[in-house]
Amino acid sequence: MQIVQQLLFVAALGLTSWLISKRIGIIKKTIQLGKAVDRTDRPAERLSTMLRVAFAQKKMFDRPIVGLMHFVIYAGFLLINVEVLEIVLDGVLGTHRLFAPLLGDFYPILINFFEFLALGVLAVCVIFLIRRNITKVERLQPTRHRELNGWPALDANTILGIEIVLMLAILSMNAADSLLQERGAEHYPLVGGFIFSGFLQPIFTNLSDGALVAVERVAWWAHILGIFGFALYVTYSKHLHIFLAFPNTYFTNLTPKGEMLNMPDITKEVKIMLGLEQPDANEVPAEIGRFGAKDVADLSWKNLMDAYSCTECGRCTSACPANITGKKLSPRKIMMDTRDRLEDVGKNMLANGGEFKDDGKSLLGDYISEEEILACTTCNACVQECPVLINPLEIILQLRRYKIMDEAQAPGSWNAMFNNLETNQAPWKFSPDDRFNWADNLKS
């Protein structure tokens, strides 16, 4: 019987690993569709940023209570995986509590600590479900934010439900295991008592040894298969940020937030026209491609990683002045729409042997509307608020640049401003010679 369990476990582990690696491959390919951008400078500063923001959850604590609850889940995810490692090795080797002889008296202390974390994760998940579905935190409500309708709302509740089931499974497994240890059952050596799962023991006390073994095995399999399923599910979920938050914060843009990037080729041409730079006689003039971005391939690979890293927390949207005043723009929706487009591109590539075949759609128009991108005030509030340093503004600006520079479709008031800037060096329709007329009355 034991060898059958080992074979089934190895098969489940192999299948999960294959499915996850396949999914990661698609995500990698879609991110690599983006344009090249160098984010390897200042490595020490980048590492410091990653450790502070992704590892230490610094920006989550801008809202201390929610930040603390999120940290409980985050710490539980990281540390409970040590026990998952033991379970995986037990499944492959056919052993039971492999680390117990190695750790000795420290083993029950470690398990009790894991159970404490499991209890904390369980409690926080219940609180988060209440916040979403009963007290109804405004930024998390589909009735207010159309981008959360359907799958996003279901995804958030599903992931919290899965985590609750996983924590209950590990506590039930330990409770049944402890009773079997006390009874001296074969393959269940005495390793010490478990405090928190001990509160569940009365539920199982009257069960026979065989029934207890069944409970322990079902809980063991439910927990580990749940972990496998969770790991695969995460790659399709907003919870992919669990993994991508680290590279995403490392490769963040370290320039000041208010600095908008110019197109190098255009900048060079302007400098030559103004006499600030001399053209290279031997250089072949570069062919200037599309201005800005129409589809995901026109964005940088970092923009695309941002889309996959989005947590859908809505902090960006709740701070957006355009959204607050009732306009259609939602920075969260910009990121979700970009990810949806990437998902469709990934499916297209899967269906066509790894190559993308034109499907007649584009990010601008089919996913994100002109009204949304024109509503942005470029205030950087969304960039400032994001807990994993995502930059929706870069995507908005690139889409807007395409609309105005490539398609020449700017609002009339914007065109008037552009003309004034070109002729008067200011947004207003006044001659530069008259700029200081207002000060004439101040002369004594």
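The model is predicted, so local features need pLDDT of at least 70 and side-chain atom pairs count only at pLDDT 80 or more, while totals for chains, interfaces and linings use all residues. Residues are numbered from 1 along each chain as its sequence is written, and side-chain values use heavy atoms, with hydrogens and water left out.

I begin with the chain as a whole. The protein chain holds 19 helices and 0 strands; these are DSSP runs, H or I of at least four residues for helices and E of at least two for strands, numbered from the N terminus. Its C-alpha trace spans about 100 × 55 × 40 Å along the principal axes. The radius of gyration is 28 Å, whereas a compact globule of 444 residues would have one near 22 Å. That quantity is taken over C-alpha atoms, and the globule rule is 2.2 Å times the number of residues to the power 0.38.

As to burial, 45% of the 444 residues count as buried. Buried means under 20% relative accessible area, exposed over 50%, and partly exposed in between, with a 1.4 Å probe and protein chains only. Turning to contacts, meaning heavy atoms within 4.5 Å, 74% of those between residues at least 6 apart in sequence join residues at least 24 apart.

I now turn to the aromatic rings. A search of the whole structure finds 13 aromatic pairs. Rings of Phe, Tyr and Trp (its six-membered ring) pair if their centres lie within 6.5 Å; planes under 30 degrees apart count as stacked, over 60 as edge-to-face and the rest as tilted.

Which parts of the chain does the pair of F9 and F228 tie together? F9 lies in helix 1 (residues 2-31) and F228 in helix 8 (residues 209-234), so the pair ties together parts that are 219 residues apart in sequence. The ring centres of F9 and F228 are 5.8 Å apart and their planes stand at 50°, so this pair is tilted. Both F9 and F228 are buried. Ring pairs also link F9 and F228 with W220 and W221 into a cluster.

A second pair is F71 and Y74, with ring centres 5.9 Å apart and planes at 50°, and it is therefore tilted. Both residues lie in helix 3 (residues 64-93), 3 residues apart, about one turn of the helix. Is F71 buried or partly exposed? At 31% relative accessibility, F71 counts as partly exposed, whereas Y74, at 11%, counts as buried.
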